[in-house]
Each structure stands twice: as structure tokens, then as C-alpha cells.
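Q: Could you walk me through this structure? I'd like to ask questions as we go.

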Amino acid sequence: MSVSSEKRTELFVGLVVVFGLAIMAVLIRQFGRFGDRIRESYTLRVQFKDASGIRDGVDVRVGGVKVGSVKGQPVADETLENVLVDLPIYSEYQIPDNSTIAIRASGLMGDNFIGIRLQDTPSGTFFNSDEIIDGKEVSDLTELTNTADKLSKQAEELFAKVNETVARA
């Protein structure tokens, strides 16, 4: 093998390796939430009474559009009455301070996300990253099921009393 042929082979192998690494980097960024970590953001801290189903990486959405994701696991506050959740919001989105932030369910499988609902007339001022925001409690599918179960039991008791009264008459 001549020196020039050997150099060409080494150059070809080097280019294939560089091309392969570039493709792998693009795929990791595209499919691996790595892009969220390097995107410019500011953090909102929201407190909820219950943050069940919220974990690191859960989407934060406004009108179905992803504007951030949960960072880390929710943590209890000093009083153990509330749970604090950190929400890094992409810098290009400013959230008006009269918006409501709530944990919402996505579909029947119970996947949760943080939903931000904007008011019809924005306040003109925005949430600051140094304040703790009160999250709103929203009825979800589990709560609805529990309420239906309670109503069902009350209806059974009522029908039992009606049957008892009719049987005596």
C-alpha cells in the first residue's frame, strides 16, 4: 500500500467518524430533551396542595403549546402544607401575573402536565422568578370518579330507605 493510499483511507475513516458523531448529536438533541436543557429560560416556583403525578420533565403548556418543563421533583415547603414545583419557562414566553397555573390531566391514562391558562385580558405585568405563585386546584378525572362513587353510595342509601318506607306502608 502506498503512502497516499493510506492517507486517503485514514481521511475517509476520519470523515465517516465525524459524520457519524454529528448525526448522533443531532438525534440526541432532537429526541433526548437535551435541547430543553440548553434553551434560555427563567424559573417560576409554584406551590400546590397536591402535586401527584408531577415529576422531572413534565411539560408546562399554554393553550397546548409547550413553554417549558418541570425541573426536578416537587418538594414540600417548611410547613409541609404545600408542595413546591420549579417550572423553567422558555425566555421567549412571558406569563402574565393574572394567569392561573394548575395541574391538569392529559387523556384517560392520567398523564399530568402543568397547564397555564391566560385570562381574556392580560394584566400587562408578568410573574417574577423570585416569587412563589399559588397554583390552583383543578378537578381531574380521579376526583370526578371519587365524587361519582360517593354519589352512588348516597343514592343506594336513599333507595334503601325508600324501599323500607314503601314496605311499611
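**Salt bridges, fold and surface**

A: Asp 149 and Lys 153 are four residues apart in helix α3 (residues 141–168), so about one helical turn separates them; helices here are DSSP runs of H or I with at least four residues, strands are E runs of at least two, and both are numbered from the N terminus. The side chains of Asp 149 and Lys 153 meet in a salt bridge at 3.7 Å, N to O, where the term means a side-chain nitrogen of Lys or Arg within 4 Å of a carboxyl oxygen of Asp or Glu.

Q: Before we go on, what kind of model is this?
A: This is a predicted model, in which local features need pLDDT of at least 70 and side-chain atom pairs count only at pLDDT 80 or more, while totals for chains, interfaces and linings use all residues. Residues are numbered from 1 along each chain as its sequence is written, and side-chain values use heavy atoms, with hydrogens and water left out.

Q: Where is confidence lowest, and where is it highest?
A: The lowest mean is 57, in helix α2 (residues 34–38), and the highest is 93, in strand β2 (residues 59–62); pLDDT is the predictor's confidence in each residue, from 0 to 100. The chain averages 84, with 88% of the residues scoring at least 70. Where pLDDT is low, the predicted coordinates should not be read in detail.

Q: How many helices and strands are there?
A: The protein chain has three helices and eight strands, and along the sequence they follow the pattern α-α-β-β-β-β-β-β-β-β-α.

Q: Which residue forms a salt bridge with Glu 164?
A: Arg 168 does, the closest N and O atoms being 3.0 Å apart, and these two are four residues apart in helix α3, so they too are separated by about one helical turn. Arg 168 counts as exposed at 67% relative accessibility, whereas Glu 164 is partly exposed at 46%.

Q: How many salt bridges does the whole structure have?
A: A search of the whole structure finds five, and one of them joins the side chains of Arg 45 and Asp 86 at 2.7 Å, N to O. Arg 45 lies in strand β1 and Asp 86 in strand β5 (residues 83–90), so the pair ties together parts that are 41 residues apart in sequence.

Q: Changing topic, is Gln 47 buried or exposed?
A: Gln 47 is buried, with a relative accessible area of 18%, and it lies in strand β1 (residues 41–48). Its side chain is joined to that of Asp 134 by a polar contact of 2.4 Å, meaning a pair of N or O atoms within 3.5 Å, where within protein one must be able to donate a hydrogen and the other to accept it, and residues adjacent in sequence count only if both atoms are side-chain atoms.

Q: And what about Val 17, where does that sit?
A: Val 17 is in helix α1 (residues 3–31) and is partly exposed, with a relative accessible area of 48%.

Terms used:
Buried < 20%, exposed > 50% of the residue type's maximum accessible area, 1.4 Å probe, protein only.
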